[in-house]
Amino acid sequence: MVYKLRTLQKALLKAVSSGGSKAVKKTIVTTLLSASTLMCSPITLASSNLPVDSDAFTVQVYNSRNQTEHLQLNYTQPVRLEQVLTDTIANIRLLPTTKEKSNQPIYWTGAGLYKGFPHPNKPNIIRQLEKASELVGPSEQKTFQQLATQLDKLKIGDRLFTPLDYDLVRINRTSNPIISAQQLPGPMSLVLPSRPDSVWVLGAVQHNSEQPWVTRTSANQYLEQVGTASYSNNSIATIIQPDGAVEQHPIAYWNKDHKDIAPGAIVYLGFNNLPTGYQSLNDEIINLLRNKAL
């Protein structure tokens, strides 16, 4: 890997120091960079002869947002999403993985493209939960505080809700948007996880926790595993699937209807009778959880 980076560095420096117009230099550098894979410490062009390009941006590729190691792709101009996915797949073997995940395929259902971390609304929602906990009884107070603590720990970014299935992106132009520096306050993150073996159960429950995923297990069964609070919505659970899709699953004895829940999903049970001024809190939490990264 070090040898490859040094070879690329020499090629880049030769390109910027050689004769020719600025346009020629930029074309050479663009070609070299788009073909390169940069791990954690991207190459910096030190030549003062090469102008700083305001269109340049970075995509950091992770197999889990809980890990710091990543693959880094640098682009000097806007590109389509297909190009980012093509470059990533071509170099996916260089993406660090844990030993148990090393041979598992990408779980495209849970893949996510993020403008940054954390989500800009995350601190405000955590603060609302903490303030709402001061307006309810002692038993409810613990549940609000527990959820606030859990949200603070989760990796929740500012997600771009666009399909990431590689085949769909290639054949459907509307699913192949242009990615540019103007969209990004900082490096963009592309999370390409392997399939998880759990779901999260959160909200008005006794224990906000991660539970083992079991095929054909319903929202009501997951909720029974963690225990529900007496001030919860006891007829509907909200499911946030790994791609960010939101579904309502009936859970009461009179409206129960089985719907499948994918690995990596979130089962959210809403709070009933929220304090005055906090009636929209359930919806705000759901919209935030749509942005959770695997």
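Reader: Is Phe144 buried or exposed?
Author: Phe144 is buried, with a relative accessible area of 1%. Buried means under 20% relative accessible area, exposed means over 50%, and partly exposed lies in between (1.4 Å probe, protein chains only).

Reader: What sort of model is this?
Author: This is a predicted model, in which local features need pLDDT of at least 70 and side-chain atom pairs count only at pLDDT 80 or more, while totals for chains, interfaces and linings use all residues. Residues are numbered from 1 along each chain as its sequence is written, and side-chain values use heavy atoms, with hydrogens and water left out.

Reader: How many aromatic pairs are there?
Author: The count comes to three aromatic pairs. Rings of Phe, Tyr and Trp (its six-membered ring) pair if their centres lie within 6.5 Å; planes under 30 degrees apart count as stacked, over 60 as edge-to-face and the rest as tilted.

Reader: Where do Phe57 and Tyr75 sit?
Author: Phe57 is in strand E2 (residues 57-62) and Tyr75 is in strand E3 (residues 71-75), 18 residues apart. Helices (H or I, at least four residues) and strands (E, at least two) are DSSP runs, numbered from the N terminus. Phe57 is buried, with a relative accessible area of 6%, and Tyr75 is buried as well, at 5%.

Reader: And what about Phe144 and Phe271?
Author: Phe144 and Phe271 also form a stacked aromatic pair, with 4.3 Å centre to centre and 20° between the planes. The pair links distant parts of the chain: Phe144 belongs to helix H5, whereas Phe271 is in the loop between E13 and H8, 127 residues apart. Phe271 is buried, with a relative accessible area of 5%.

Reader: Where is Ser133, then?
Author: Ser133 is in the loop between H4 and H5. With 1% relative accessibility, Ser133 counts as buried.

Reader: What does Ser133 touch?
Author: Not counting residues up to four places away in sequence, Ser133 touches Gln141, Phe144 and Gln145. Contact means heavy atoms within 4.5 Å.

Reader: New topic: which strands form the open sheet, and in what order?
Author: Five strands form the open sheet, in the order E10-E9-E13-E11-E12, with mixed pairing. Two strands pair if DSSP finds at least two bridges between them. The edge strands are strand E10 (209-212) and E12, each of which pairs on one side only.

Reader: Do E9 and E13 run parallel or antiparallel?
Author: E9 and E13 run parallel and are joined by four bridges; Trp200 has Ile266 in E13 as its bridge partner. By contrast, E11 and E13 run antiparallel, with three bridges, and Ile239 has Val267 in E13 as its bridge partner. E9 and E10 likewise pair in the antiparallel sense, over four bridges.

Reader: How does H8 pack on the sheet?
Author: H8 touches E9, E11, E12 and E13, and its direction makes about 175° with that of E13. Axes are lines fitted to C-alpha atoms, for helices over the stretch in contact, and angles run from 0 to 180 degrees between N-to-C directions.

Reader: Which residues of H8 are buried?
Author: In helix H8 (residues 281-289), the buried residues are Leu281, Asn282, Ile285, Ile286, Leu288 and Leu289. Seen down the axis of H8, they fall within an arc of 160°, so they line one face of the helix. The arc is that of the directions from the helix axis to the C-beta atoms.

Reader: Which residues touch the most other members of the largest nonpolar core?
Author: Leu151, Tyr268 and Leu289 do, among the 27 residues of that core. A nonpolar core is a set of buried Ala, Val, Leu, Ile, Met, Phe, Trp, Tyr and Cys residues joined through side-chain atoms within 4.5 Å. H8 gives the most to this core, with five residues. Apart from it lies another core, of 22 residues, among them Phe57, Leu113, Tyr166 and Leu184.
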